[in-house]
Amino acid sequence: MSNYHIKHLEEYYQVYRKSVREPENFWEEVAEEHFMWRKKWDKVLSWDFTKPEVKWFEGAKLNITENCIDRHLATRGDKTAIIFEPNDPKEASEHITYKQLHERVNQFANVLKDEGIKKGDRVCIYLPMIPELAIAVLACARVGAIHSVVFAGFSSTALSTRINDSECKMVITSDGSYRGAKTIDLKAIVDDALEDCPCVKSVLVAKRIHSDIGMKEGRDKWLQPLLDKASSDCKAEIMDAEDPLFILYTSGSTGKPKGMVHTIAGYMVYTAYTFKNVFQYRENDVYWCTADIGWITGHSYIVYGPLANGATTVMFEGVPSYPDFGRFWEVVEKHRVNQFYTAPTAIRALAKQGVDFIESHDLSSLKVLGSVGEPINEEAWHWYNDNVGKKRCPIVDTWWQTETGGIMVSPLPFVTPTKPTYATLPFPGIQPALMDEVGEELKGNQVEGRLCIKFPWPSMARTIWGNHERYRETYFSAFENKYFTGDGALRDEVGYYRITGRVDDVIIVSGHNLGTAPIEDAINEHPAVAESAIVGFPHDIKGNALYGFVILKDTGESRVQDNLRKEINQIITEHIGPIAKLDKIQFTSGLPKTRSGKIMRRILRKIACKDISNLGDTSTLLNPEVVQEIIDNAI
Ligand code: WT7
């Protein structure tokens with residue numbers, strides 16, 4: 001029996017049991033069989049969740065790009081590694097073979113070296129979904145630099161915060177980007193951000209929209225001429241298993257974004273192994289994940305996981321609605337996509353458009369459908385299953401996080417019977433636990449609690465860049481000796497998991513993880529605002545939308561409230577990005593507070609959700625009278 005590729009349910013249970021009983025033997029076998037190591041490890045695992053410290057494959061030497069590229073050259077050199085599908089369907093798509101990818105990554109890696117980038121340096125990548133993005137990521141990995149990809153929808157303030165936090169030496173960007181019928185001036189955003197980033201020494205600029213942009217003398221360089229001059233031969237830097245591979249920022253419920261640090265070997269083994277099994281990828285399949293590489297989904301399941309398996313992975317620059325809502329299906333038909341992986345928010349937006357857009361396309365190539373980013377509601381699940389999968393493609397509802405690096409709970413298609421809204425069973429090696437409020441583990445089935453993981457897995461984030469104490473505090477302090485996910489979940493009568501949603505102050509809007517605190521901080525910068533509180537409320541398409549309660553300063557001047565609403569959203573757009581804009585803004589004279597001064601968000605949440613029948617005990621509040629005022633003026 002090979003542990004690597006699980007083909008039926010009995011085998012899943014067997015492999016799962018082994019992964020729990022003998023985790024080290026289990027992962028050692030997976031790692032030995034399928035990767036290219038420059039030196040094998042001395043120790044498979046050492047861990048201590050109290051510090052917390054986790055090390056996988058310690059002592060091993062490797063380069064992840066040799067595993068994602070070089071290793072395939074002999075057998076798959078002419079196979080397509082990446083299919084680039086541009087924003088405009090009239091522009092030709094591009095097929096990049098493994099051989100070509102090898103050349104382009106090597107050239108880019110040589111450019112990085114010429115520009116003074118060395119092992120351990122941080123490089124910020126702020127690019128649209130064009131081939132240069134994947135190539136830049138791999139080029140960093142080739143020279144041992146730590147990439148920090150920032151989603152190109154983030155604002156200049158969000159970008160500069162991230163650049164400064166990890167002290168990036170270089171930024172890789174483009175003149176601009178396409179988004180449907182619009183163009184965005186990415187370089188102008190970078191210029192703005194770099195006003196306060198003294199750590200950045202150079203900026204490499206790819207040409208995408210051919211706009212007329214300013215280049216700062218001594219700092220900015222066009223990328224293409226440098227690539228043209230560079231050799232396509234670049235020896236991979238030999239790295240330690242536990243050297244950092246990348247930093248990726250995620251928002252927390254408080255404070256600035258957390259730079260999650262992922263290390264090389266464990267991340268590689270886990271993303272490759274999960275990719276193979278969760279999508280049941282076969283040699284000539286074409287796989288498409290619609291995420292952006294700016295999120296963990298893109299890192300793990302557009303770039304590293306697929307390429308480590310020698311797969312063909314689609315990179316899509318566009319949006320689901322351009323030129324019309326048939327675009328996804330047109331791309332599936334055009335490239336004969338076999339596995340299709342997207343987010344519930346996209347499914348709901350497409351479902352709203354009806355089935356005509358689907359019916360004019362041939363989707364018979366599809367074998368597996370995936371969902372990620374937030375709980376998928378029953379209606380969306382059935383629409384996806386009936387109309388896209390025609391009831392013959394299993395849906396894999398994959399639960400995981402930026403912090404987990406790879407998929408943690410998911411059905412395996414054709415192996416695990418699916419159940420709408422359930423992420424079903426833990427992946428081999430993953431030991432979930434549901435905890436009650438007093439910190440006891442809930443044993444047995446048919447229980448609901450807080451979702452923790454009680455044993456390390458290879459792709460878990462190792463720390464928060466520059467703040468290990470925050471890492472411990474956020475993930476390892478709520479429950480003793482366990483990683484706490486921040487999610488609630490239930491386990492049904494057969495042991496299937498259903499994720500019920502966040503139990504902290506993180507709100508998932510259109511699949512984007514948004515912390516309330518940074519948004520409140522942004523709003524509070526408005527000169528007319530005294531205080532604010534953000535909560536989520538259910539939204540048809542976005543899953544959740546944001547509701548802001550805002551107290552204005554008594555400045556004596558009268559302001560038009562609608563203008564203020566616009567200005568508040570403008571400030572949020574500048575500080576974070578348009579994804580964090582509020583759908584509803586209610587001005588109020590006060591916020592319900594406990595005697596210790598903490599905002600009782602539970603009450604605000606209920607009001608925003610129009611669920612005021614049972615607000616619970618409000619008598620302990622400092623200002624109970626404000627609750628009625630808020631209810632009366634609720635939007
Ligand atoms: C949070 C993590 C993992 C890639 C994208 C999001 C929610 C994610 C599911 C799912 C229910 C899900 C959780 C999680 N989430 N997938 N299949 N079912 N909830 O990564 O931005 O780090 O967000 O997304 O609440 O904690 P992220």
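A salt bridge is a side-chain nitrogen of Lys or Arg within 4 Å of a carboxyl oxygen of Asp or Glu. This predicted model holds 37 salt bridges. It holds zero disulfides.

**Asp240 and Lys61**
- The side chains of Asp240 and Lys61 form a salt bridge, at 2.5 Å from N to O.
- Asp240 sits in strand β13 (residues 239–240) and Lys61 in strand β3 (residues 61–62), so the contact ties together parts 179 residues apart in sequence.
- Asp240 is partly exposed, at 32% relative accessibility.
- Lys61 is also partly exposed, with a relative accessible area of 30%.

**Arg76 and Glu283**
- A salt bridge joins the side chains of Arg76 and Glu283, at 2.7 Å from N to O.
- This pair links distant parts of the chain, 207 residues apart: Arg76 is in helix α4 (residues 73–76), Glu283 in the loop between α10 (264–278) and β16 (286–289).
- Glu283 counts as partly exposed, at 35% relative accessibility.

**Asp285 and Lys367**
- Asp285 and Lys367 meet through their side chains in a salt bridge of 2.9 Å, N to O.
- Asp285 lies in the loop between α10 and β16, and Lys367 in the loop between α14 (356–359) and β19 (368–372), 82 residues apart.
- Asp285 is buried, at 6% relative accessible area, whereas Lys367 is partly exposed, at 28%.

**Salt-bridge network**
- Glu85, Arg327, Glu330 and Lys334 are linked in a network of salt bridges.

**Cysteines**
- The sulfur of Cys140 is 9.4 Å from the closest cysteine sulfur, in Cys168, which is too far for a bond.
- Cys140 is buried, with a relative accessible area of 0%.
- Cys452 is buried, with a relative accessible area of 0%.

Technical notes: Residues are numbered from 1 along each chain as its sequence is written. This is a predicted model: local features need pLDDT of at least 70, side-chain atom pairs count only at pLDDT 80 or more; totals for chains, interfaces and linings use all residues. Side-chain values use heavy atoms; hydrogens and water are left out. A disulfide is a pair of cysteine sulfur atoms within 2.5 Å. Buried means under 20% relative accessible area, exposed over 50%, partly exposed in between (1.4 Å probe, protein chains only). Helices (H or I, at least four residues) and strands (E, at least two) are DSSP runs, numbered from the N terminus.
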